Amino acid sequence: AVGCIFGELILNKPLLPGKVEPEQVELMFRLLGTANEKIWPGFSELPHSKKLNFPEYPYSQLRARFEERVSPEGIDLLDQLLRYYPLKRITAHEALQHPFFSVLPPPKALDVMPAFSVRVREGATRGGGGGGRGGVGGGGVGGVSGVSGVGGHGDVVPREGDNDAQRRQQQRRAEDERFGALFDH
C-alpha cells in the first residue's frame with residue numbers, strides 16, 4: 001500500500017486504477033512484471049496462482065514510467081516498496097533510511113514558500129461570504145477575511161502591515177538558513 005501511495009504522489013494520479021480484481025492484477029503485472037517463481041519464490045504454491053492466465057509481461061517497467069518524474073533513488077525506493085515477495089520488500093524502518101530521503105537537493109527553501117496570515121472574522125462560518133478582500137465579488141474565501149483569490153488560482157496574499165505574517169516569514173527564513181547549513185560542507 002505504501003508503494004502505491006508513493007507512486008500516486010509522484011504521478012499525481014492513481015498508480016493502478018483497476019476497477020475489478022482481474023484488471024487490477026493485470027495492471028500490476030504490466031508495471032512490475034508477471035509474477036513468477038523467480039521474482040516471487042513460492043508464488044506457484046499460492047491458492048489461486050494456477051488460475052491466473054496472463055501474458056508474460058517483462059520485469060519492472062518502473063524506470064520507464066517514472067524516470068521523468070523522480071530521481072533514480074526514488075525509483076529504487078518505489079521498486080523496493082512494490083516487490084511482490086514480502087521477504088524481499090523493504091521494511092518501514094529500512095524505507096525511512098533509504099537514500100531517497102537524504103539525496104540533494106533538499107526540499108524547496110522556506111524563503112521561497114508563500115507566507116500568509118489568515119484572520120477569521122468573528123462569527124464567520126465556513127462557506128459564508130465574509131467582509132474580507134476577496135477575489136471575484138470581494139467576499140473573501142469561506143468567510144475568512146484577508147484571503148484573496150488573486151490570479152484565479154487561490155493565491156493567498158498577506159495583509160499589508162501584518163506584523164504576525166512578517167514575523168513568521170522571518171522565522172521561516174531563519175529556520176531555512178539553519179537547515180541549509182546542515183548541507184554546507
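Me: Which residues does phenylalanine 29 touch, not counting residues up to four places away in sequence?
Reply: Bear in mind that this is a predicted model. Phenylalanine 29 is among the residues with the most contacts inside the largest nonpolar core. Setting aside residues up to four places away in sequence, phenylalanine 29 touches Thr34, Ala35, Leu52, Phe54, Tyr57 and Tyr84.

Me: How many residues has the largest nonpolar core?
Reply: Nonpolar side chains tend to be buried together in soluble globular proteins. Here, the residues with the most contacts inside the largest core are Leu15, Phe29, Leu62 and Phe66. At least two residues of this core come from each of α1 (2-11), α2, α3 (62-66) and α4 (72-81). The count for the core is 24 residues.

Me: What is the order of the elements from the N terminus on?
Reply: The protein's secondary structure comes to six helices and two strands. Reading from the N terminus, the order is α-α-α-α-α-β-β-α.

Me: Within what arc do the buried residues of α1 fall?
Reply: The buried residues of α1 are Gly3, Phe6, Gly7, Ile10 and Leu11. Looking down the axis of α1, these buried residues line one face of the helix, because they fall within an arc of 130 degrees.

Me: Which exposed residues are on the face of α1 turned away from its buried side?
Reply: On their side, the buried residues of α1 pack against α3 and α4. The face turned away from that buried side carries the exposed residues Val2 and Leu9.

Me: What is the N to O distance in the salt bridge of arginine 30 and glutamate 26?
Reply: Side chains of opposite charge can pair when their charged atoms come close. Both arginine 30 and glutamate 26 sit in helix α2 (residues 21-32), four residues apart, or about one turn of the helix. Their side chains meet in a salt bridge with an N to O distance of 3.1 Å.

Me: How far apart are the closest N and O atoms of aspartate 79 and arginine 83?
Reply: A search of the whole structure finds two salt bridges, and one of them joins aspartate 79 with arginine 83. Aspartate 79 counts as buried at 16% relative accessibility, whereas arginine 83 is partly exposed at 27%. The closest N and O atoms of the pair are 2.8 Å apart.

Me: Which backbone oxygen does the side chain of serine 49 reach?
Reply: Serine 49 lies in the loop between α2 and α3 and is buried, at a relative accessible area of 9%. Leaving aside neighbours within four places in sequence, serine 49 is in contact with Phe43 and Ser44. At 3.0 Å, the side chain of serine 49 reaches the backbone oxygen of serine 44.

Terms used
Residues numbered from 1 in each chain as written. Predicted model: local features only at pLDDT ≥ 70, side-chain atom pairs only at ≥ 80, totals over all residues. Heavy atoms only, no water. Salt bridge = Lys/Arg side-chain N within 4 Å of Asp/Glu carboxyl O. Buried < 20%, exposed > 50% of the residue type's maximum accessible area, 1.4 Å probe, protein only. Core = buried A, V, L, I, M, F, W, Y, C linked by side-chain atoms within 4.5 Å. Contact = heavy atoms within 4.5 Å. Arc of directions from axis to C-beta. Polar contact = N/O pair within 3.5 Å; in protein donor to acceptor, adjacent residues only side chain to side chain.
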